[in-house]
Amino acid sequence: MQTEIKQWPALWALCLGFFMILVDSTIVAVANPAIMEDLQTDINSVVWVTSAYLLAYAVPLLVTGRLGDRFGPKNLYLVGLTLFTASSLWCGLSGNIEMLIVARVFQGFGAALMTPQTMAVITRIFPPDKRGTAMGLWGAVAGVATLVGPLAGGVLVDGLGWQWIFIVNVPVGIIAFFAAWRFVPSLETHQHRFDIPGVILSAAGMFFLVFGLQEGNTYDWSALVWLSIVAGMILLAVFIWYQSWNKNEPLLPLGLFKDRNFSLANIAITSMGFSITAMVVPLMFYAQAVRGLSPTGSALLMVPMAVLTGALAPNVGKLVDRVHPRYIAAPGFLMLSISLGWLGLVMKPDVAIWELLLPIALMGVANAFIWSPLAATATRNLPMNAAGAGSGVYNTTRQVGAVLGSAGIGALITSRLTANGVPTGGEHEAGGAMPSFIVDGFSTSMAQAVLLPAGVLLIGFVASLCFSRPIREGDKPPVDVEQQRVQA
């Protein structure tokens, strides 16, 4: 059957939709000041526009990977793409911040239906010796999309208004739907049981944890906030215990983590999801509020990063099939951490623009060395019937990182603004250059916030250093991890 499948057209069709949903993870960052001004809201509420999307994206991923195995990845992908496209139009038509946040929840759920299917299809239609190259393209799409989001957002916000960062998804979604309908093959399905208690525990745990982190400053870190955080952590701990106890078919197949590289790649991609989401927010606020740049002008700061990632990632993907992944991913994580620390040092009110572009360019090089090695290494040793579950777990951990990154950076920005004597009600942050008497405090707050993702990336650096050599074609075949149940 493999020879009858047009592998590369199928991959390109999937990458179009995948690109669109990842762009929406970061595109809002550049539009935050415009949304704050137009919808008359504050900085914390506008961060929820991103967090709601990421939370609704992350929580269902474990079960949507299984749904793809059960009903076919093509079918789930098309359903998710339809929901994502329709809710994008809803976002663009929203007239208040509450409606926008609700629409973003539905948009995130559509993205959750789509994402695991892309990795599952790649794993199932490409042989192991070609999978690194295919994952290189997938990784290039993932890396470039998260970086192009702010650039596309800047152009659209300046030219047509913030609503168009969502409305533009409608024609793209229609094209992506027909491309997937035409080129993505219908693959064999597998029977699955669905772990409803696991879904409830993981969803509730993530919600309480993210709510507590992001709303901490709003409620002055009261007992209610700490109760929410503790409740979230307890529920997630109960979820992990329940998964080890469930002998039928748990939502999170802990047996997958017996593969060392799968475990390490999940740790690394969590730190990557956290940092990519977290670093864009303070940079865009700094560019627009401190430097007085337009949305397009601030987004243009990201061009060196996007260009270098897009140019280098496919070539790095080819190396993944031949070079030990630790020698690719670990330098990438270290470079990205250094570049963010460098950026935090130069984010001052009067710094020359070219001094900002140098660390941003280094970020582009670093990104190219991270995405495809992690994706290829995570799935390389997994058997075919675990492809959906494995890709679901991998994408879940990336999105969990992104959710925590959005919540964490929102909380840190608000606390640093307060500590540096800057009001956080939205009256000074929304649009245009701010008054001179608070510009230093605001600039310092954004620079300090960038150091958070720089530190988190060091976790990914350590994890990628510990990769073992992947199983190559001709080696002993991997054990079917689906049969390796973790005993209570």
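Is Ser445 buried or exposed? I looked this up and found Ser445 buried, at a relative accessible area of 0%. I use "buried" for under 20% relative accessible area, "exposed" for over 50% and "partly exposed" for values in between, with a 1.4 Å probe and protein chains only.

**Basis of the entries**

I note that the model is predicted, that local features need pLDDT of at least 70 and side-chain atom pairs pLDDT 80 or more, while totals for chains, interfaces and linings use all residues. Residues are numbered from 1 along each chain as its sequence is written, and side-chain values use heavy atoms, with hydrogens and water left out.

**Overall**

I recorded 18 helices and zero strands in the protein. These are DSSP runs numbered from the N terminus, helices being H or I of at least four residues and strands E of at least two. Of the 488 residues, 60% are buried. I noted an accessible surface of about 17700 Å², with 69% of it belonging to carbon and sulfur atoms; such areas come from the Shrake-Rupley method with a 1.4 Å probe, and for residues only the protein chains shown count as cover. Contact means heavy atoms within 4.5 Å. Among contacts between residues at least 6 apart in sequence, 85% join residues at least 24 apart.

**Ser445 and helix H18**

I placed Ser445 in helix H18, residues 436-465. A polar atom of the Ser445 side chain lies 2.8 Å from the backbone oxygen of Gly441. Setting aside neighbours within four places in sequence, I found Ser445 in contact with Arg416, Leu417 and Asn420.

**Ala411 and helix H17**

I located Ala411 in helix H17, residues 387-419. Ala411 counts as buried because its relative accessibility is 10%.

**Aromatic pairs**

How many aromatic pairs does a search of the whole structure find? I counted nine. Rings of Phe, Tyr and Trp (its six-membered ring) pair if their centres lie within 6.5 Å; planes under 30 degrees apart are stacked, over 60 edge-to-face, and the rest tilted. Phe207 and Phe208 form an edge-to-face pair, 5.8 Å centre to centre with 70° between the planes. Phe207 is partly exposed at 38% relative accessibility, and Phe208 is partly exposed at 36%.

Why is the pair of Tyr242 and Trp245 tilted? The ring centres of Tyr242 and Trp245 are 5.7 Å apart and the planes stand at 35°, so the pair is tilted. I also noted that Tyr242 and Trp245 are separated by about one helical turn because they are three residues apart in helix H10. Tyr242 is buried at 15% relative accessible area, whereas Trp245 is partly exposed at 45%. Ring pairs also link Phe177, Phe178 and Trp181 into a cluster.

I found a nonpolar surface patch of about 500 Å² made by Val230, Ile234, Val238, Trp241 and Trp245. Val238 lies in helix H10, residues 223-245, and is partly exposed at 34% relative accessibility. Patch residues have over 30% relative accessible area and no salt bridge; like charges are joined within 9 Å and nonpolar side chains (Val, Leu, Ile, Met, Phe, Trp, Tyr) within 5 Å. A salt bridge is a side-chain nitrogen of Lys or Arg within 4 Å of a carboxyl oxygen of Asp or Glu.

**Gln40**

I placed Gln40 in the loop between helix H1 (7-39) and helix H2 (43-58). Gln40, a residue other than glycine, has a positive phi near 55°. Most residues other than glycine have a negative phi. Gln40 counts as exposed, at 72% relative accessibility.

Notes
Polar contact = N/O pair within 3.5 Å; in protein donor to acceptor, adjacent residues only side chain to side chain.
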